[in-house]
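Me: I am new to this one and would like to learn how to read it. Could you walk me through it, one feature at a time?

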Amino acid sequence: MQKLAELYRGKAKTVYTTEDPDLLILTFRNDTSALDGQRIEQFDRKGMINNKFNYFIMTKLAEAGIPTQIVRLLSDNEVLVKKLAMVPVECVVRNRAAGSLVKRLGVEEGLVLDPPLFDLFLKNDAMHDPMINESYCTTFGWVSEPHLARMKQLTYQANDVLSKIFDDAGLILVDFKLEFGLFNGEIVLGDEFSPDGSRLWDKTTLDKMDKDRFRQSLGGVIEAYEEVAKRIGVKLD
């Protein structure tokens, strides 16, 4: 499968068309961004790590019955995926308090959230991805009620699957975001799952092992990503 034209360039991935109108190639770059792309740095091996990390996680989710856009791994930095009509809404599950939730509510970082919280955000960098609710989605036509219900169901299902994977590896899945799209009228998990879009803490030390190391200038970004990948069984070499 060959790359034809650049379709979209995101903060850390570039999307290319192929000779098959139903398939795309995602290329994971070494870019790392914060503050809606205002701060960008490159880290060696990051694109490779996130590509293989994402492929591993998506494969586990597919095995658990969650439909994903993944077709096959093409190279260290590239993966072949189904072309989805993306829903402009991010689904976020929070198992512990961190990030914007702590800032908004003043709760203690690390507070266990039982049951986990489910949040929705509009994908719009210019508006800084504002928080929304289910009513907004249907009123503005971003996604239908049945499709939104399916997205919510799959997000919680993914949380169950992934929480166990990371727990078995000595890690806490603090929170994460998922994005979905439509393929032949069905809701399918798209985009990526990596330490860029999730919070992962060491169970013993509570050390942050995700993009917060970049956001908070803690250092050791790639070392943390590699450690998480190795713990859950991702083959990087």
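Reply: Happy to! Let us begin with terms: helices (H or I, at least four residues) and strands (E, at least two) are DSSP runs, numbered from the N terminus. Contact means heavy atoms within 4.5 Å. Axes are lines fitted to C-alpha atoms, for helices over the stretch in contact, and angles run from 0 to 180 degrees between N-to-C directions. Here, helix H1 (residues 46-63) lies across S3, S6 and strand S7 (78-82), and H1 runs at about 130 degrees to S6.

Me: What kind of model is this, and how are residues numbered?

Reply: This is a predicted model, in which local features need pLDDT of at least 70, side-chain atom pairs count only at pLDDT 80 or more, and totals for chains, interfaces and linings use all residues. Residues are numbered from 1 along each chain as its sequence is written, and side-chain values use heavy atoms, with hydrogens and water left out.

Me: In what order do the strands of the open sheet come?

Reply: Two strands pair if DSSP finds at least two bridges between them. The open sheet has five strands in the order S1-S2-S3-S7-S6, with antiparallel pairing. Strand S1 (6-9) and strand S6 (70-73) are the edges, each pairing on one side only. From one strand to the next, the twist averages 25 degrees. For a close-up, look at strand S2 (residues 13-17) and strand S3 (residues 23-28), which are antiparallel and share five bridges; Thr17 stands opposite Leu24 in S3.

Me: Which residues have the most contacts inside the largest nonpolar core?

Reply: In soluble globular proteins, nonpolar side chains tend to be buried together. Buried means under 20% relative accessible area, exposed over 50%, and partly exposed in between (1.4 Å probe, protein chains only). A nonpolar core is a set of buried Ala, Val, Leu, Ile, Met, Phe, Trp, Tyr and Cys residues joined through side-chain atoms within 4.5 Å. The largest one here has 55 residues, and Ile57, Phe166, Phe193 and Ile232 have the most contacts inside it. Leaving aside residues up to four places away in sequence, Phe166 touches several others, including Phe53, Leu200 and Val228.

Me: How many aromatic pairs are there?

Reply: Rings of Phe, Tyr and Trp (its six-membered ring) pair if their centres lie within 6.5 Å; planes under 30 degrees apart count as stacked, over 60 as edge-to-face and the rest as tilted. By this rule, there are six aromatic pairs. In one of them, the rings of Tyr136 and Phe140 have centres 6.2 Å apart and planes at 40 degrees, so the pair is tilted. Tyr136 is partly exposed at 40%, while Phe140 is exposed at 54%. The rings of Phe166 and Phe193 have centres 6.1 Å apart and planes at 25 degrees, so that pair is stacked. It links distant parts of the chain, with Phe166 in helix H4 and Phe193 in the loop between strand S12 (186-190) and strand S13 (198-202), 27 residues apart.

Me: Where is there a cis peptide bond?

Reply: Most residues other than glycine have a negative phi, and most peptide bonds are trans. A cis bond joins Asp114 and Pro115, with omega about 5 degrees; Pro115 sits in strand S9 (residues 112-122). As for phi, His128 is not a glycine, yet its phi is positive, about 60 degrees. His128 lies in the loop between S9 and strand S10 (131-132) and is exposed, with a relative accessible area of 51%.
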